[in-house]
Structures are given as C-alpha cells and as structure tokens.
Amino acid sequence: MKLDRVGFVGWRGMVGSVLMQRMMQENDFSRMGEAVFFTTSQTGQPGPDIGRDSGTLVDATDLDALGACDVIVTCQGGGYTSDVHPRLRAGGWNGYWIDAASTLRMSGDAVIILDPVNLPLIRDGLDRGRKDFIGPNCTVSLMMLALDGLLGENLVEWISVATYQAVSGAGARQMREFIRQMGMVHDRAATLVDNPDSSILDIDRQVLETLQSADLPVQEIGYPLTGNLLPWIDGDLDSGISREEWKGSVETNKILGRGGAPIPIESTCIRVGTMRCHSQALTLKLNRDLPLAEIEALVDGANDWVHVVPNQREASLSDLTPAKVTGTLDIPVGRIRKLNMGPGHVAAFTVGDQLLWGAAEPLRRMLCILSEYGVRGQGREEDSARTARVAAA
Ligand code: HSE
C-alpha cells in the first residue's frame, strides 16, 4: 500500500519520542511520501529533524488537515482519541488510525496490534476493511511476546501474573517525581548514612519520616514510590480488580482471537521503583505436562526478541533485570521451572522495556505492515499455520 501522507500526533511526548527514535533507526520515514507533524500548541513552527523535510507543525485539532492523511499515528493519549477520532470518522475519513492509547482497543471495529503474535489477525482485519489498529497495554504485549511459544501452540490453560511495573507506565512527570523522591530520601539521611557510627535503625527511622512527611513530592504519583511499592494501577472497576488487571485478561484474549474461548488470566498489578522496564512473575498451567527442556525450547524459539535465561543465580541476577534490559527490544524469560502444584504447572519471570515493545514498537511495525500490505504476499504460509493453530484452540 502506498502511504502518501502519514500524520503524527503526540510525537514529542515520551512514547512518541521513542517512536521517532525507532523510526529513524529503521529508516521508516522512507516508506512514506509525506510525514506531517501535528501539534496541540506550536502550530507553524518547524517540524522535527527526521533526516528529510518535515514541513511545519500543523494544528492537531484541524480536522481537514488530519483528514488529508492516509494514516494517522497518535501517541497523544486517550483524551485526544476520544475527542478527535469520532469526529474524523463521522466526517467520512476512511484512513488508518494507529493509536497507542487504550480508548479504542476493545471496540469491535478495532484490531489490537502485536504482529509477532497476531499478524494473521492483523492481516485479516486489513482484508475485512478494518481501519483502527491499536497498540496493546504494555504488560500485555511484554507478557505475550514472552509466552509466544506456549500461546502459539495452544498449550496454556490459565495464567496467574504478579507485575512489577515501572514508573514510566504512569508517565514522564511521574518519572521525574520518583527521582525527586529518591533524592529527598537520600539528602535527609545523608549525614547519618555517611557516619559509620550511626545506627541503622536511626537511618531507617529517618527514611520513614521522609516517606511520611508532607514535604515529599507526591503531586504526580500520589504516594511515595521510592522505598515503597503501590499495589494498584489504573482505575478501580469496583469488582476487586484494577483496570490494568482487567486489560491483562481481555486484551490478551482479543489479541489471540479467543473471544469465544478466553484463557483465564488473573493478575495483581504493582507499581515499583524502576524507570521503564516492566517485570512479571508468571504462574502457568499448561494443558500438557511437557519436559522442562521442551518448554524452554518453545519459549526461546518463538520470535526474534524472546530468549531464555538459564534458571541459575548468576544468569538471573545479571540478565533478567530492568537494569540489563532497558533500552533494548529484548524479552528475556527466566526462572522457568516446573512447580509442585501438579502436572503442567510452570513458573517464569520476564522483563521488557515498556516504552519499546510495550508501546512504540507495535505502532511503527504497523506502519511497515501497511506499507507492505497488498504489495507482497510474504509470510502468508506461516500465517496460515498459526491461524490454524489458533482456530483449533
Ligand atoms: N498502564 C501501564 C502502566 C502503561 O501504568 O504501567 C501503559 O500500558
């Protein structure tokens, strides 16, 4: 498909900036005729440096300018989507809408995009004339890439997850505040920490005092995150689960095309003091009691980004951490072991960068899929094999 004019909204925010970096790295702008950059505040200013002409910034509420695009890619957030998308569609715009926000994900007309896992469903959506292609929730995409080998073989009976989610998932301002909190905690305890004769209990009391003090900056996060964790993410659905936990179940099953026979997925989603990698501790029930080596081989071979970290102390501590994975597209899966609960029960732990595979990467890959759609038949045989496996679920 020829992409004559592609519009970008929210490209300067955190997810949008990561998207721009990845698109530059992969030379994605060469796939399109014109790239139009929209803005909510700086209309008429020069566009970003993308290694080619990027024109001047266009008002992101200008429906005529938006409607002149074949594709709109937005990282502007759910408020923008709710405001602009229905009006554009009502006005007859029939272009492709690629969005990072959750607003449209569960709409019957939208396809959730995670192409290493559901390329057949994405192509099927294109064939059926679907126009809204929405990036998944970050914990969902990272978990699904990690479990791709087992999900793709229909081996998973149920999943229980505890997440350890980075502050970037809450937003850029929250990341800054988290660092300010760490700084204040250290500043106020520094004299005691630096005095080798001080009591560790006095240091601990000083840290707690800071965490509980009215001075600690909490305007963005709402609570202390440094020296703490927050066992609730996103809204309260008044059913005992958070909105983030609900997404883990419904989005995963939608991506798998399993609306009629969903895999039970239960999670407890927890915010922790890491910057941009989400980690997840998984308990799985497989419907076959496979040998450990076979489970590892399936996980390891599923896609180009996942790899198994041996379930050993040194390997886990060096290779299965946010500090190691941040800034990469790697999806390490480790701590894989069979559990005593009974046949088919397996534990695993995985880490992934929530701004890359968790947000920006599925969007830029959707642009690539669109640019190749109808041009090449590539990958169709492989797609059919996977579709057949999913359909047999
Ligand atoms: N909702 C996620 C989080 C990030 O709060 O970590 C976006 O998917």
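Analyst: A polar contact is a pair of N or O atoms within 3.5 Å; within protein, one of the two must be able to donate a hydrogen and the other to accept it, and residues adjacent in sequence count only if both atoms are side-chain atoms. The model is predicted, so local features need pLDDT of at least 70 and side-chain atom pairs count only at pLDDT 80 or more, while totals for chains, interfaces and linings use all residues. Residues are numbered from 1 along each chain as its sequence is written, and side-chain values use heavy atoms, with hydrogens and water left out.

Glutamate 244 has a polar side-chain atom 2.9 Å from a nitrogen atom of the ligand. In the side chain of arginine 271, an N or O atom is 2.7 Å from a ligand oxygen atom. For glutamine 165, the distance from a side-chain N or O atom to an oxygen atom of the ligand is 2.8 Å. The protein buries 81% of the 260 Å² that the ligand exposes when taken alone; these accessible areas come from the Shrake-Rupley method with a 1.4 Å probe, and for residues only the protein chains shown count as cover.

The residues around the ligand are Asn137, Cys138, Gln165, Gly169, Ile233, Glu244, Arg271, His278 and Gln354. A residue is near a molecule or strand if one of its heavy atoms lies within 4 Å of it. This shell holds two nonpolar, five polar and two charged residues. Here Ala, Val, Leu, Ile, Met, Phe, Trp, Tyr, Cys and Pro count as nonpolar, Asp, Glu, Lys and Arg as charged, and the others, Gly among them, as polar.

Aspartate 353 lies in strand S13, residues 345–353; helices (H or I, at least four residues) and strands (E, at least two) are DSSP runs, numbered from the N terminus. Aspartate 353 counts as buried because its relative accessibility is 2%, where buried means under 20% relative accessible area, exposed over 50%, and partly exposed in between (1.4 Å probe, protein chains only). The side chain of aspartate 353 reaches the backbone nitrogen of glycine 327 at 2.6 Å.

Aspartate 238 is found in the loop between helix H8 (200–212) and helix H9 (243–255). Aspartate 238 is exposed, because its relative accessible area is 70%. Its phi is positive, about 60°, although aspartate 238 is not a glycine.
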